[in-house]
Structures are given as structure tokens and as C-alpha cells.
Amino acid sequence: MKLDEIIARPELLLGPNPLLEALPPFVQHHEWAQHMESSPLADVDWRRIPPGARDALTNMAISHYVPVRTVFSIASGLQKLVRRAYIATNPLNAAERRRRNAVVLSDSLQAMNAVANVEAGGAIIKAMTGMGKSRLVSRTLGIIAPQPVIHHSACAAAGWAKLSQIVYLNVQYSPNGSRGGLLHAILFEVDKALGGQSEYFDQHRKRTNIDVLMVKVAQILVNHRVALVVIDEKQGQNFADSPWSLQFVIFYLILMNLGISIVMVGNPLAFVHLEAFSQVRRRFSVGGIDELLPAQNPSVDWWAEDFVPHVRRFSLVEKEMQMTPMRAQREFELTGGNPSFYFSLWTLAQQEALRNAAVHGRSSANLTVHDLERAAKSPQYLKVQEDAQVFGQGEAALRAGRRLLDVPPSTRRNKADSKTPLPDAGTSPLSSDLPDPSPAQAVQKLLRTFEANFKRIKNDTLARAKALQELKPEQREMLGLQHELIDNAQQALSAGSSSRRGRR
């Protein structure tokens with residue numbers, strides 16, 4: 001084997017593998033930037049178009065992608081999970097073929113798990129809305145496998161007459177938080193990937209026995225050699241609060257044992273319960289447990305050097321105001337260090353400049369600070385602006401009563417922790433007109449918040465203790481739970497029940 005072939009597919013040093021050979025060359029860590037970057041205006045001669053008509057080209061912003069240094073490890077982790085899964089499930093290995101046949105013939109999760117000893121990995125990608133987590137995953141998977149479905153002809157050595165290999169599935173989590181909803185969503189994505197060549201969703205849409213449905217879904221994934229399943233948009237209210245959360249985790253672990261990597265993408269609040277188990281954390285750490293956070297200040301390297309300059313390459317104006325520290329600070333205040341917010345503001349500011357040039361009959365457009373401020377006050381950016389205040393103004397915004405329910409406390413920036421001080425809520429141009437609460441009102445509000453949080457945490461703990469109590473021994477073992485932990489949970493449940501009865 002030649003050196004360039006080894007570099008392109010280093011895993012083939014282990015021997016031939018038709019599942020791996022169907023994938024594009026291996027992407028080295030330092031190569032992700034050139035692979036991921038996308039500049040749709042690079043080959044567009046937009047200067048020939050009058051400014052007023054260029055407004056339509058701002059829709060091309062959806063294809064503009066700016067990779068920053070903080071995402072390369074995530075991309076490498078996803079690639080690792082795909083290739084790791086196929087190395088572990090090489091169909092040319094006779095023992096692997098026997099194991100797969102046993103899985104396909106299993107009639108229960110217990111029987112399936114008895115032969116499911118591959119131990120694939122997983123990953124967790126956490127971020128609040130606007131940090132680009134879903135787009136990052138989609139962009140990376142498109143590089144790892146530009147063709148997510150690969151059709152193989154007959155291969156006697158691998159044991160198939162034909163095969164439709166599905167490299168990955170990107171599944172939107174069920175809004176109702178049910179196991180059945182997720183399982184049917186997986187089947188729907190399989191049918192969509194195969195382009196109408198299967199009817200798995202229709203065949204199983206009326207199946208109400210969840211355990212049987214999980215077996216069927218697992219067998220379908222194994223049959224199509226799915227290496228990676230992405231479960232996207234897990235929010236706190238439809239995962240961590242779900243009564244089936246433990247059962248979800250156990251199902252994911254079974255899929256990993258079958259050689260299928262699991263990637264979960266969503267809000268940080270959704271994974272608090274899952275990360276409570278060391279065994280689960282270990283498995284998901286294979287691909288990495290990462291969190292994308294807003295920039296802490298306008299001089300953070302990934303924001304100031306990678307993101308902002310490359311976003312501004314998506315430009316439809318001949319001239320723009322100079323990037324000064326004052327401008328950088330103002331843009332940071334308006335966006336809170338959130339990439340999606342910045343991109344929205346930048347696009348809207350260009351629209352203002354283009355429309356202003358058209359109104360005055362100019363053949364070129366010049367973006368000024370006034371365009372930026374008008375964009376910030378536009379109806380399209382109004383709600384985004386309110387959200388940005390929570391990040392850009394930190395505790396000052398919280399004191400003024402502006403808070404987001406889906407933002408974890410760690411993301412709510414404290415001004416004292418920022419290298420570049422931000423203006424106080426009372427002096428910022430974006431400050432709310434609401435008066436600061438009086439000391440008495442503030443104390444009462446803190447007490448109400450504490451009582452509500454305490455009640456929620458207590459109820460959640462009791463519900464989890466009950467769920468742990470109902471687990472089967474083999475399920476407890478999968479989660480790495482020791483018997484004394486279960487005993488403690490049972491005691492907490494009994495104590496909680498007794499205290500409630502006493503209050504009645």
C-alpha cells in the first residue's frame with residue numbers, strides 16, 4: 001500500500017473493510033478549516049447589480065459558514081465515532097458476521113444485549129440556541145460522508161447479496177419527549193435516507209409495545225450498518241424532565257453495544273440527568289462532551305480573529321466603516337458574543353445600507369454606524385436584541401428582569417469575569433425602561449425563586465429515585481450503579497413520601 005493511500009485511509013492498515021473503503025479520505029485535525037469553510041459570494045460578481053437589487057442576495061447568507069478553532073475537536077470527534085464503529089463491525093470478520101446474525105434474530109432487548117459486545121462510543125454537544133451546534137454537526141457529517149447512503153453490490157466475503165449502507169442518521173428529537181416518538185422518528189429518517197425504498201415507518205407506526213419497537217429499530221439500524229445516530233435538539237423540558245429519561249439512556253447504551261455511535265445535540269440543561277452516571281459519561285466521552293459558549297468579550301481569539309473577520313467576508317457593500325475597538329465593543333453589546341446573533345445583525349445592517357443607497361440613487365453602497373444601529377432597532381432583530389442583552393450585559397441584564405429560561409446559569413455572563421467591561425444596564429443604549437427593583441422587592445423575588453427551584457429540584461429527585469428503584473438488575477449494571485446507591489435512593493424516596501404525608 002502506498003504512503004498517500006495510508007494517509008487517506010490509515011485504518012486500512014488493519015486490513016480490508018468495505019464499510020470504511022466506501023468513505024472519503026480521512027480528514028486530519030488541521031485540515032478541518034479548509035474543508036468546512038463556505039463562501040457563497042466568492043464567485044458572484046455582485047458589484048454589477050444595483051444596490052437595491054442586491055438585497056435579494058442576502059438570502060445566500062444561509063450558505064456562508066465560518067469554522068472557528070473551537071469546533072475542530074468536535075468535528076474530529078464525530079469522524080472518530082464513524083470510523084471507530086466501522087472498524088469494530090468489519091463485515092469481513094467471521095465473528096462479527098455471527099454476532100450480527102444473532103442480533104437480527106433476537107426477540108428481546110435482553111437477548112440482543114447478551115450478544116451486543118462491540119462497545120461503540122458517543123458524544124454530547126451542548127449549546128444554547130444560536131451557537132450553531134446543529135449546523136456544525138450537519139456541516140461535519142457532510143464532509144465525513146458526502147453520500148450518507150452507499151449502495152453495495154453482492155459481496156460473498158461480507159455476507160450480503162446487496163447492501164444499502166447508511167453512514168449516519170440525523171434525527172430530530174420528539175417534541176413530546178416519548179420513547180415511541182423518538183423510535184418512530186428514527187424509522188422516518190431511515191425511510192427518508194433510503195429514498196422511498198423502504199416503508200419501516202408505516203410498518204411499525206401502530207406498534208404500541210415500546211420494548212418490541214426498540215428491538216425492531218435496533219435491528220434495522222444494524223442491518224443497514226448505521227455508524228452514527230445524531231439525536232438533535234434535546235431541550236431540558238423534553239428530556240431531563242421526561243419520566244422515560246433513564247430508559248432512553250439504557251436504549252442508547254444498548255445501541256452503542258451494538259456498534260452504533262450516539263451523538264446528542266442540544267441545550268446544556270437537557271443533559272444534567274444523563275451526566276450524573278459515570279458509566280454513561282465514560283461512553284459519551286469517546287467522541288467528546290463539548291459545550292459551545294458565547295464569547296466572553298470582544299477580544300476572545302475565536303471571536304475576534306476567526307469569526308468576525310470571516311463573517312464580514314459575506315459582504316454586498318463596496319465600503320464599510322473601519323473596525324475600531326469602539327465598533328467591536330458596540331457589536332459585542334448588540335450580539336452578546338453569540339455567532340447567530342452577530343450574523344443576523346451583520347446581514348440586516350447590509351440591507352439597511354443597500355436600501356439607503358437605492359433610495360438616494362447611488363450606484364454603490366456604504367455601510368455606516370447608522371446602518372448598524374437601525375438594524376439593531378429593526379423588527380427582525382428586536383427579539384434577538386433582548387436575548388443578546390442576557391449575554392452581553394450579564395448580571396446587569398438579569399437585575400433588570402431580562403432572563404431566558406433555556407439558558408444555563410454558567411452561560412449568564414458575570415461582568416466581573418469579562419476582560420472588557422461592559423456598560424451597565426442603566427447607561428446602555430439597549431437598556432430597558434424598567435426601573436431597578438427596590439431592596440424589599442428584590443429579596444421577595446429571590447425568596448420566591450428559591451422556593452420554586454427547591455420544590456422543583458426535590459420533586460425531580462424523588463421522581464429519579466423512583467425510576468432507579470424500578471430498574472432491572474441488568475439495567476442498573478449498564479448504568480454503573482452500585483446497590484448501595486439504589487438503597488440510598490430508596491431511602492430518599494421513602495423519606496420524601498413520609499414528609500409529604502406528614503404535611504397533609
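Arg225 is found in the loop between α11 (210–223) and β5 (228–234); helices (H or I, at least four residues) and strands (E, at least two) are DSSP runs, numbered from the N terminus. The model is predicted, so local features need pLDDT of at least 70 and side-chain atom pairs count only at pLDDT 80 or more, while totals for chains, interfaces and linings use all residues. Residues are numbered from 1 along each chain as its sequence is written, and side-chain values use heavy atoms, with hydrogens and water left out.

Although Arg225 is not a glycine, it has a positive phi of about 50 degrees. The relative accessible area of Arg225 is 10%, which means that the residue is buried (under 20% relative accessible area; exposed is over 50% and partly exposed in between, with a 1.4 Å probe and protein chains only).

A positive phi, of about 60 degrees, is also found at Glu119, which is not a glycine. Glu119 is located in the loop between α7 (109–115) and β1 (122–127). Its relative accessibility is 36%, so Glu119 counts as partly exposed.

Glu331 lies in helix α15, which spans residues 325–335. Glu331 has a relative accessible area of 3% and is therefore buried. Its side chain makes a polar contact with the side chain of Arg327 at 2.7 Å and another with the side chain of Tyr342 at 2.8 Å. A polar contact is a pair of N or O atoms within 3.5 Å; within protein, one must be able to donate a hydrogen and the other to accept it, and residues adjacent in sequence count only if both atoms are side-chain atoms. With neighbours within four places in sequence left aside, Glu331 is in contact with Met323, Tyr342 and Leu372, contact meaning heavy atoms within 4.5 Å.
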